[in-house]
Amino acid sequence: ARTTTLNEELGQIEYIFSDKTGTLTQNIMTFNKCSIQGNLYGYVMDEAGNEIQDPEKMKEIEFEEKDDDFTWYDQKLLDEIKKGDKDVHNFFTLLALCHTVMPEEKDGKIIYQAQSPDENALVSAARTFGFVFVNRTQSTITVRLQNKEETYDLLNILDFDNDRKRMSVIVKKGGKIILFCKGADSKIKERLDPSEKDIMAETDEHLNKFATDGLRTLCLAYKELNDGDYNKWAEKLNKANTSMEKREEKVNETYEEIEKNLKLIGATAIEDKLQDGVPQCIERLARAGIKIWVLTGDKVETAYNIGLSCRLITNDMEIYIIEEDSETAVEKKLLEIRNEMMKKIEQLFGVKIEDKKKRLDWKDWGIDVMKFDQHRKATDNNNSNGNNQRPNGHTAATTDSGTHDREQFEGFGLLITGQALAFALSDKLKMKLLELGTMCKAVICCRVTPLQKAQVVELVMQNEKKITLAIGDGANDVSMIQKAHIGVGISGQEGRQAVLASDYSFGQFRYLERLLLVHGRWSYLRISKFLRYFFYKNFAFTLCHFWFGFFSGFSAQTLYDPFFVATYNVFFSSLPVLALGVFDQDVSADHSMSKPPLYTPGQNNEFFNKKIFAESVIHGILTSCIIFFVPYLSVSNSTRPGGMTQADLQSFGFMVATIMVIVVNLENALETWYWTGLYHFVLWGTIVVHFLFHFVLYSTIIYQIFKTNYGYVGVAQSVLSTGNFWFTLFLTCTILLLPVFCREFFRMRFMPNKTDRARLNQKFRTEEKAAFVAHIQQKLRQSKRSIRSGYAFSQQQGWGPLITSGRMQSKSATHARQQQQPTQNNN
């Protein structure tokens with residue numbers, strides 16, 4: 001925890017904005033599939049031509065040198081390499097040359113240091129297949145291609161950034177100048193030569209297949225340059241680099257000029273597996289009423305599959321996709337989706353939306369988004385007749401048992417691309433986007449930039465007035481983390497920028513579940529109780545002075561001993577409420593996790609609001625009245641056993657103070673749900689300390705030591721020795737505490753809330769069997785899907801300028817090359 005002021009807000013989260021790569025996934029990339037000139041590699045087929053998906057039925061190919069996580073089963077690719085296929089050679093040559101990886105010698109082996117895990121995976125894969133990146137200098141790249149070491153002159157690195165979403169290198173070998181480029185499919189496709197249309201169509205099919213499998217995709221292309229054209233371009237690039245105005249824009253424009261009419265080589269597919277426990281975590285957070293928006297750099301198909309894999313979206317959801325590329329088209333699509341939503345709601349829930357222009361909101365129709373089936377069941381039962389007529393006029397099919405065979409519906413989901421999001425976030429359309437987003441259970445924004453992530457968070461924060469949380473692991477998530485109410489950083493593969501910018505940090509996404517559903521909910525519960533009790537006890541204490549003013553002529557005479565006034569909040573009413581505020585819990589951590597709906601009171605401010613504040617104030621006022629007037633009436637006409645009156649100021653003040661301490665601490669005990677040994681100690685210890693403190697303070701010993709004329713000497717012994725005091729104490733406690741006890745007793749029995757039911761279930765375990773059966777049924781309904789992920793570059797600027805400037809140098813790998821004999825796998 002990097003802050004101590006936001007704990008209670010953890011129990012009030014309504015929106016979570018999450019990165020995908022490294023947050024939902026492990027950010028440990030492995031080369032998995034590839035497409036080279038229309039040929040697909042990485043899929044193993046059986047004799048009937050069907051894909052074999054079970055790894056146990058496939059034989060893993062052994063390589064001389066490979067990473068621990070790398071596995072490959074497709075023999076076809078190795079056969080093509082042995083044949084010397086030119087396209088395959090170009091494919092792996094590009095992977096070995098087009099990157100900003102730095103090699104380092106360690107224990108006689110070359111270790112790659114890459115800016116992003118994607119680049120490391122691609123360069124390592126090329127090494128495994130015999131195309132080894134060996135070393136680089138400021139102006140050269142040394143590679144070992146098929147047991148033959150070659151050195152390429154490095155002319156330029158056209159580095160990656162968030163807008164370009166691609167990188168290129170220009171190298172020279174044997175008088176030939178070649179530009180190698182790799183990047184997002186949408187960017188490469190725009191820059192291909194028209195003659196590549198057919199091969200791109202084939203590769204597109206492969207890219208869609210990769211995305212459906214949840215893999216991170218990347219396209220590769222190249223272009224041969226002649227000396228004259230290159231020299232003219234290099235001169236223009238030099239002018240752009242030395243320009244004093246708009247340097248970056250001019251450099252990017254120059255890059256655009258050379259990255260045209262490219263020849264497509266193929267595409268890569270990298271696997272990034274989901275972290276452990278992510279699907280279960282997201283499912284529970286959704287059941288807690290928290291809406292999750294995933295902001296990712298992947299393409300729509302990949303994002304959709306990831307949403308299914310982590311149970312963010314389901315097949316029973318109504319999914320809408322926005323990927324238009326103009327403001328007019330986006331506006332039209334938003335309106336179309338809105339109309340479809342209204343039509344669907346009217347059809348399924350039997351409601352009539354009178355005002356079509358009013359903002360859509362489930363609460364306006366009394367529909368709980370967590371209980372769609374209950375609302376639809378009631379609607380069907382109330383509106384069906386002998387002909388099984390649906391509210392929308394269609395005839396409902398019935399099973400043999402007579403029940404309605406209704407379409408499954410689990411809410412709406414929305415997918416929007418970064419290109420469409422740029423228009424949707426404009427002042428004209430942003431409220432329309434927000435309206436649709438808030439109607440959905442899940443929103444996925446694809447191909448988004450770091451700035452767009454922050455803009456989405458800001459849109460929800462400013463207009464919804466809800467508590468938001470952003471979670472991410474990389475530098476591209478920092479703006480989003482800083483913008484949200486609560487920022488969570490994950491310590492991952494991409495440095496500590498996100499952690500340093502966050503309020504809380506941990507190692508895996510699944511820990512967010514415990515942070516919110518357990519610690520966040522407990523913190524909100526505790527601070528709410530603390531505040532209620534704090535106002536109550538201080539109103540009860542202070543207003544006794546006010547009532548006394550009527551009997552002292554408003555002379556400012558204090559009712560209590562000045563020492564009691566100074567120590568009441570410090571010693572006699574602080575420790576029990578602090579113990580409550582630190583340790584109290586309504587149900588155990590396991591029950592908090594297994595019953596996510598218990599989280600919703602925090603979202604609705606049910607435990608502390610204006611009404612509860614007013615109740616605390618009124619309770620304090622009534623308590624002060626009883627504590628003052630019951631003792632006043634009991635001592636006003638009473639006498640001590642010796643015949644002296646009890647109605648002196650000191651005796652009356654001590655009596656009121658003692659009753660005050662006992663009543664407010666017992667009231668605290670009634671507020672506490674979780675009794676521990678420590679709480680027993682501070683509760684009863686506080687009351688005992690009150691008596692001991694006043695016995696000592698009011699004793700003759702203090703008088704003899706300090707020789708002061710202290711009017712309270714002997715008061716404690718005198719008051720506590722009378723039956724009148726003890727009867728008054730019992731009567732006051734009964735009047736004040738018995739109604740509170742009875743109210744809670746009857747409320748828990750006849751009007752229990754979610755917490756009361758959960759506490760009874762925890763005690764008697766009445767719902768365990770039903771929960772077990774429901775869990776089994778849910779597992780049977782779920783479809784089996786591959787848990788994988790999709791591709792995106794690192795969101796930081798690359799290392800290109802550092803390499804070409806000579807400021808970043810790799811450690812010499814000469815010794816490693818001498819010791820490491822070139823080998824090639826022969827399977």
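I began with the contacts of aspartate 19 (contact means heavy atoms within 4.5 Å). Leaving aside neighbours within four places in sequence, aspartate 19 touches Leu24, Leu295, Lys453, Ile471, Gly472, Asp473, Asn476, Asp477 and Met480. I kept in mind that this is a predicted model, where local features need pLDDT of at least 70, side-chain atom pairs count only at pLDDT 80 or more, and totals for chains, interfaces and linings use all residues. Residues are numbered from 1 along each chain as its sequence is written, and side-chain values use heavy atoms, with hydrogens and water left out.

Next I looked at the side chain of aspartate 19, which makes a polar contact with the side chain of lysine 453 at 3.2 Å (a pair of N or O atoms within 3.5 Å, one able to donate a hydrogen and the other to accept it). Aspartate 19 is buried, at 6% relative accessible area (buried means under 20%, with a 1.4 Å probe and protein chains only).

Then I checked the record: an unreviewed UniProt entry lists Asp19, Thr21, Asp473 and Asp477 under "binding site". They are spread over 459 residues of sequence, yet their largest C-alpha distance is 10.6 Å. I noted that such annotations may be inferred rather than shown by experiment.

Threonine 21 came next, and it too counts as buried, at 9%. Among its contacts beyond four places in sequence are Arg216, Asp272, Asp298 and Asp473.

Last, I followed lysine 453 into α14, where Lys453 is one of the buried residues. The buried residues of α14 pack against β1, β13, α12, α13, β17 and α15 (helices are DSSP runs of H or I, at least four residues, and strands of E, at least two).

Methods: Buried < 20%, exposed > 50% of the residue type's maximum accessible area, 1.4 Å probe, protein only.
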